[in-house]
Amino acid sequence: MSSVTEELGAGAPVVPLGMPLVGGAHGRVQGAGTEGLAEAETDDRSAKLAAVRAGDIGSVHSWELVTAVDGPGTRMTVFLSGCPLRCLYCHNPDTMEMRRGTDVRADEILAKVKRYRGVMKATKGGLTISGGEPLMQPAYVRRLLRGAKAMDVHTAIDTSGYLGAQCTDEMLDDIDLVLLDVKSGDPETYKRATGRELEPTLQFGRRLAARGDTEIWVRFVLVPGLTDDEANVELVAQYVASLGESVTRVEVLPFHQMGRDKWEELGMRYELEDTQPPSPELVERVRGQFRSRGLQVF
């Protein structure tokens, strides 16, 4: 299995950060790999690097066809490898490094989009690019978005927003929906949970809201003993409400232990071994905090 994580030099579309652990968490384990996608075969290293820089080749972890999970309708969700965050509760640490992914040509992904375009249109679904962190590979993401929009397919990206500066206005023109993972409202809690700073996420959300033409779904992972503090949740709710009508949905995602075995398999230290999923009462309290700001909560 090859990889796009070689040293690319100036102008490369892969964002080098030196902290390859993945962030984010959703309500289900990601797809069953890259079955059905042909691996890009490039024996010439120079040609391969040129293809990576152009966004023609990217590192893909998996893909799946799902309904009402990563956006509206039936969607093809493509999970890219690599992320700048090191979320303690990550349930897919196998997406932590781009070298663990499979090199796949953008045209291969877009051929799948074309194949499923009919069901996507019928269900008002589309293409969602997730991760890892998709903005680690902005040139590849740009290529996929442009190709999907050329087919009149609804597009979404699932991002922490930490690399929002890598998302150009041109890319935003091709994005209908941003699934924005706001992992904490308190900077110290965010740092503890992810190993990174909160401010880039806040800036990206404000930028989206200022545009006014990009729908936002906010995701907040509720982890007892980590992100559940009432004051922390209040800061998140206050921030999300400040984004105005661009935010049409807030998803409170209860922490789970579905990815615990993966940490062990990868030889990684898992710090939330003894953390239990939040109680129904805690989940309802947190959802109530968002609802009190007039937000639609799930």
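**View 1. Glu64 and its partner across two strands.** Within strand S2, Thr77 is the bridge partner of Glu64. Strands S1 (residues 57-67) and S2 (residues 74-80) run antiparallel and are joined by seven bridges. Strands here are DSSP runs of E with at least two residues, helices are runs of H or I with at least four, and both are numbered from the N terminus; two strands pair if DSSP finds at least two bridges between them. Please keep in mind that this is a predicted model, in which local features need pLDDT of at least 70, side-chain atom pairs count only at pLDDT 80 or more, and totals for chains, interfaces and linings use all residues. Residues are numbered from 1 along each chain as its sequence is written, and side-chain values use heavy atoms, leaving out hydrogens and water.

**View 2. The open sheet.** Eight strands line up in the order S3-S1-S2-S4-S5-S6-S7-S8, with mixed pairing. Strand S3 (102-105) and strand S8 (247-254) each have a single partner strand, so one side of each is left without a neighbour in the sheet.

**View 3. A helix on the sheet.** Helix H3 (residues 138-150) lies across S1, S2, S3, S4 and strand S5 (154-159), where contact means heavy atoms within 4.5 Å. Helix H3 runs at about 155° to S5; axes are lines fitted to C-alpha atoms, for helices over the stretch in contact, and angles run from 0 to 180 degrees between N-to-C directions.

**View 4. The whole chain.** Buried residues (under 20% relative accessible area, 1.4 Å probe, protein chains only) make up 58% of the 298 residues.

Note on methods
Buried means under 20% relative accessible area, exposed over 50%, partly exposed in between (1.4 Å probe, protein chains only).
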